[in-house]
Amino acid sequence: MEHRASVTLLGTRGSIPCSGKEYLRYGGSTTCILVQLAGETLLLDGGSGMLHLPADDIPSQLTLLLTHPHIDHLLGIPMCPLLFRKDVTLNLYAATFDGCSAEQQVHSYISPPLWPVNTAQLPAEVRFHDLPKSMRIGALQVDTMQGIHPGGVTVLRISGAGKTVVLATDCTYTDELLPTLADFAKDCDLLICDGQYIDEEWPSRKDFGHNTQSAAARLGQICGAKQTYITHHAPGRTDEELDAAAAEISKLYPNCRFGHDEEMIEL
């Protein structure tokens, strides 16, 4: 039986959702990525893009891997339509950060007084798990490494059916980290990486835990990714500005594109 091999960028905006006529094409939803590979379905991060999840094409047993617990990567969880169904089970994995387990991280936001209920009060069953360095999820192999971001971040590599997807968001690609990161992502079919800033902004933002568009594109070239998609767009970056940046980047790195909300990528 042939299974779908695709990745859908449900949300590609960084830091906070945005709306307005200037953001219609690239979208304003924060990070959430749907991976459908080797007969398995995974979600990577639970930003507001999680509200775009196509409910008619998603199994009732679902896995969510969190890169880190900053609010823009959790916003979609409490209002995700799937979690209002009693037949749904969500297995949520996250590495321990600042001594907090996956459940503690999520409930620091999704619980009173910041939110009226916690996940235990949703109709769906949410199960929390530690995210190890390496594990199997059905036919998929999941490997992780730690990146550089305030509070910590996990870089994810998902492999199955001869295809590999790497998510390296909210991670500063320092000279020290780059060789290890490039080896981790080596020869992947799809690299999704953080390019929140333009080069001119970098000197005042280099400690924010993100990356420039040009550095993201270089990572794709160095690791030999077949396709590189830049995401986590700055909330004020308009469609016109992203189009101009994408055109410049593609001249140097033809396999690099800028991701749009709800864009499906075939592997």
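Two strands count as paired when DSSP finds at least two bridges between them, and strands themselves are DSSP runs of E with at least two residues, numbered from the N terminus. By that reading, 7 strands make an open sheet of mixed pairing, in the order β7-β8-β9-β10-β11-β12-β13. This is a predicted model, where local features need pLDDT of at least 70, side-chain atom pairs count only at pLDDT 80 or more, and totals for chains, interfaces and linings use all residues. Residues are numbered from 1 along each chain as its sequence is written, and side-chain values use heavy atoms, with hydrogens and water left out.

**The sheet**
- β7 (134-137) and β13 (256-258) are the edge strands, each pairing on one side only.
- From one strand to the next, the twist averages 20°; axes here are lines fitted to C-alpha atoms, and angles run from 0 to 180 degrees between N-to-C directions.

- On one flank, β9 runs antiparallel to β8 (residues 140-146), with 6 bridges joining them; here Gln146 sits opposite Thr154 of β9.
- β10 (residues 163-168) is also antiparallel to β9, joined to it by 5 bridges.
- Across that β10 pairing, Ile158 has Val165 as its bridge partner, and Leu156 stands opposite Leu167.
- The β9 and β10 hairpin has 2 residues between the strands, and Ala161 takes a positive phi near 55° there.

**The largest pocket**
- The largest pocket holds about 220 Å³ of space. A pocket is an open set of points on a 1 Å grid over the protein atoms alone, where a 1.4 Å probe fits, with protein on both sides within 12 Å along at least five of seven lines; lining residues have an atom within 4 Å of a point. The volume is the space filled by probe spheres set on the points.
- Its lining has 14 residues, and the closest to the centre are Tyr173, Asp175, Asn211, Ala215 and Arg218.
- Helix α4 (residues 213-223) gives the most to that lining, with 5 residues; helices are DSSP runs of H or I, at least four residues.
- The lining splits into 6 nonpolar, 5 polar and 3 charged residues (Ala, Val, Leu, Ile, Met, Phe, Trp, Tyr, Cys and Pro are nonpolar, Asp, Glu, Lys and Arg charged, and the others, Gly among them, polar).

**Aromatic pairs**
- The count comes to 3 aromatic pairs, with ring centres of Phe, Tyr and Trp (its six-membered ring) within 6.5 Å; planes under 30 degrees apart are stacked, over 60 edge-to-face, and the rest tilted.
- Tyr109 and Trp115 form a tilted pair, 6.5 Å centre to centre with 55° between the planes.
- Tyr197 and Trp202 are tilted too, at 6.4 Å and 50°.
- Tyr197 is buried at 6% relative accessible area, while Trp202 is partly exposed at 23%.
- Tyr197, Trp202 and Phe208 form one aromatic cluster.

Definitions and conventions. Buried < 20%, exposed > 50% of the residue type's maximum accessible area, 1.4 Å probe, protein only.
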